[in-house]
Amino acid sequence: MSTNPPPPNTGNIPAVTMSALFNVNYGTVSILVLWVYEYAITFNDEINFLRDSRWSIVKIIYVVCRYLMFPFVITNTFHGLQQGLTLEECESYFQFSLFAGTTIIICAELMFLVRTYALWHRSKAALVIIIINFTAVVVPMIVILTLFDSDTMMIPVSGITSCDNVFRSRVVVWAYVLLVIGETGMCNELSLATASD
């Protein structure tokens with residue numbers, strides 16, 4: 001005698017929504033596989049870099065950005081594939097994801113700014129432009145990420161993620177859009193400063 005679980009009650013959820021949620025899970029696993037593959041093929045170069053280069057602020061920022069990605073991606077993958085999570089477990093996932101994602105974005109932005117500063121031969125004009133733009137972008141981004149909180153939505157369908165926080169996902173997207181706008185403005189201002197010299 002078979003003891004298969006009863007089929008999920010999906011009568012109140014449109015087929016398009018269920019299909020989209022399943023595709024999110026497939027996309028999550030695909031991204032994890034690509035990320036592990038990329039890490040595996042660059043592992044030797046990374047060991048050489050960590051062993052041979054001297055320790056500096058930029059190297060520390062790189063290490064934080066690179067290795068915080070491990071728990072971030074793995075946690076998001078497990079969250080996306082687990083079913084039946086409690087509201088507290090979902091909130092824990094979202095809190096860690098927000099912290100790790102924000103830290104990774106800020107570290108990546110700092111590496112970009114340091115490289116830009118070095119590219120402009122450490123000129124004082126470039127430093128002023130970089131500091132003003134960084135402050136003008138990062139302060140609103142941190143405010144957006146920390147002040148806006150939302151409710152967690154529970155999804156009662158077997159086989160897909162049991163909770164989601166759509167509003168927080170949108171906030172992260174807007175923070176990233178703000179970051180891209182700031183980087184574009186900084187590049188534009190630096191090119192104008194160079195043209196006037």
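A disulfide is a pair of cysteine sulfur atoms within 2.5 Å. By that criterion, a search of the whole structure finds zero disulfides. C65 is in no disulfide, and the nearest cysteine sulfur, that of C107, is 5.7 Å away. C107 is likewise in no disulfide, its nearest cysteine sulfur being that of C65 at 5.7 Å.

The model is predicted: local features need pLDDT of at least 70, side-chain atom pairs count only at pLDDT 80 or more, and totals for chains, interfaces and linings use all residues. Residues are numbered from 1 along each chain as its sequence is written, and side-chain values use heavy atoms, with hydrogens and water left out.

## Overall layout

The chain has five helices and two strands. Helices (H or I, at least four residues) and strands (E, at least two) are DSSP runs, numbered from the N terminus. In order from the N terminus, the elements run α-α-α-α-β-β-α. Of the 197 residues, 30% count as buried; buried means under 20% relative accessible area, exposed over 50%, and partly exposed in between, with a 1.4 Å probe and protein chains only. Among the contacts in the chain with a separation of 6 or more, 71% are between residues 24 or more positions apart, where contact means heavy atoms within 4.5 Å.

The UniProt annotation "transmembrane region", from an unreviewed entry, covers residues 20–40, 60–81, 93–114 and 126–148. UniProt positions are given in the numbering used here, feature names are shortened, and annotations may be inferred rather than shown by experiment. In the model, residues 93–114 are 100% helix and 0% strand, with the end C-alpha atoms 31 Å apart.

## The nonpolar core

A nonpolar core is a set of buried Ala, Val, Leu, Ile, Met, Phe, Trp, Tyr and Cys residues joined through side-chain atoms within 4.5 Å. The largest one has 10 residues: W35, I61, C65, L68, F72, V73, A100, I104, C107 and M111. Helices α2 (57–81) and α3 (87–119) each supply at least two residues of this core, and α2 gives the most, with five residues. Both C65 and C107 are members of this core. C65 counts as buried because its relative accessibility is 11%, and C107 counts as buried because its relative accessibility is 10%.

Leaving out residues up to four places away in sequence, F72 touches F96, S97, A100, G101 and I104. P71 is found in helix α2 and, at 32% relative accessibility, counts as partly exposed.

## A buried glutamate

E46 lies in helix α1 (residues 15–52). Why does E46 count as buried? Its relative accessibility is 4%. The E46 side chain makes a polar contact with the side chain of R66 at 3.0 Å. A polar contact is a pair of N or O atoms within 3.5 Å; within protein, one must be able to donate a hydrogen and the other to accept it, and residues adjacent in sequence count only if both atoms are side-chain atoms. R66 is also among the residues that E46 touches, together with Y39, Y62 and Y67, not counting residues up to four places away in sequence.

Helix α3 has 33 residues and reaches 47 Å from its first C-alpha to its last, close to the 48 Å expected at 1.5 Å a residue. The expected span is 1.5 Å times one less than the number of residues.

H121 lies in the loop between α3 and α4 (124–147), and R122 lies in that loop as well. Most residues other than glycine have a negative phi. H121 has a positive phi near 55 degrees, and R122 has a positive phi of about 55 degrees although it is not a glycine. H121 is exposed, with a relative accessible area of 71%, and R122 is exposed at 61%.

V138 lies in helix α4 and is buried, with a relative accessible area of 7%.

Two C-alpha pairs are listed below.

| Pair | Separation in sequence | C-alpha distance |
|---|---|---|
| P71 and F96 | 25 residues | 9.3 Å |
| V138 and E109 | 29 residues | 9.3 Å |
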